[in-house]
Amino acid sequence: MKLYIIGAGPGDPDLITVKGLKLLQQADVVMYTDSLVNEELIAKAKPEAEVLKSSGMDLAQMVDIIVDRLKQGKMVVRVHTGDPAMFGATMEQIALLRKENIGYEIVPGVSSVFASAAAVGAELTIPDLTQTVILTRAEGRTPVPELEKLRDLAAHHCTIALFLSATLIKKVVSELVEAGWSEETPVAVVQRATWPDQLIVRTTVGGLEADMRSHGIRSHAMILAGWALDPEIHGKEEYRSKLYDKSFTHRFRRGVK
Ligand SMILES: C[S@@+](CC[C@H](N)C(=O)[O-])C[C@H]1O[C@@H](n2cnc3c(N)ncnc32)[C@H](O)[C@@H]1O
């Protein structure tokens, strides 16, 4: 007896994995995060499947239903937006399932961070510029641990991807500046990545607050910040990967003179 926890991807129904789609199509019961998962995807469940929206339920209600249906011998899938591992609140569900001796299997999905990078045509790790991406959120009503304050993380000057932070922009900007980021540092904001109304705003640390306000972006947005987001990066010879460099040999390719 187990629950399948499936990543739906960022919005476009074609961005679920093949495995996730197969499980969705086989399921007797589909519970999904209705505020963020595309209804077009959920419509691929079999017609007789019981389809439940989770947004109006508290944790105990959700888990009670899941346990009840599993105990009836039904196949249950829980569909989360993006990849369940990022801000998916899956652990609290799993903790209650374990008390009932119910197992789980997680099927990954395309996180909005990667959908957003794709939408702006960016690579988040650029040789000789940054080899690290920090996935985090700004601190608001939900606290972040003392050692994970944005100004401390930003001291690495790597690429930073901010989830759940669209209403906390003043704080984001001040912490980046406190960490020594220049106002010119590129930022790309993607709202509703891969949905038909996807909005891309390219700006800088200095322009971020005004640009978020002028576009009315207050939710469902990924903020990607750092020099990897420089729209001119493709023209900069100094940041070419060694992997494909003519003089660089590795296990699969000998150097070409
Ligand atoms: C509760 S978290 C879930 C993240 C999800 N598990 C993922 O991997 O993308 C919701 C936040 O993810 C981001 N997000 C989710 N879907 C998005 C999309 N299609 N476009 C941009 N940001 C998105 C936003 O920052 C939003 O506030």
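This is a predicted model: local features need pLDDT of at least 70, side-chain atom pairs count only at pLDDT 80 or more; totals for chains, interfaces and linings use all residues.
Residues are numbered from 1 along each chain as its sequence is written, and side-chain values use heavy atoms, leaving out hydrogens and water.

**View 1. The two domains of the protein chain.** Domain 1 spans 2-110 and domain 2 spans 113-233, with bounds from an automatic or database domain assignment. Their centres, taken over C-alpha atoms, are 29 Å apart. Domain 1 and domain 2 each give 10 residues to the contact (heavy atoms within 4.5 Å).

**View 2. The interface of domain 1 and domain 2.** About 810 Å² is buried here, 78% of it from carbon and sulfur atoms; buried area is the accessible area (1.4 Å probe) that two parts lose on being put together, summed over both. In domain 1, P10, M86 and F87 lose the most area to domain 2, together 55% of what that side buries.

**View 3. Residues around the ligand.** Of the 17 residues around the ligand, M86, S111, S112, A193 and A221 come nearest (a residue is near if one of its heavy atoms lies within 4 Å). A backbone N or O atom of M86 lies 2.7 Å from a nitrogen atom of the ligand. For P10, a backbone N or O atom lies 3.0 Å from a ligand nitrogen atom.

Key. A polar contact is a pair of N or O atoms within 3.5 Å; within protein, one must be able to donate a hydrogen and the other to accept it, and residues adjacent in sequence count only if both atoms are side-chain atoms.
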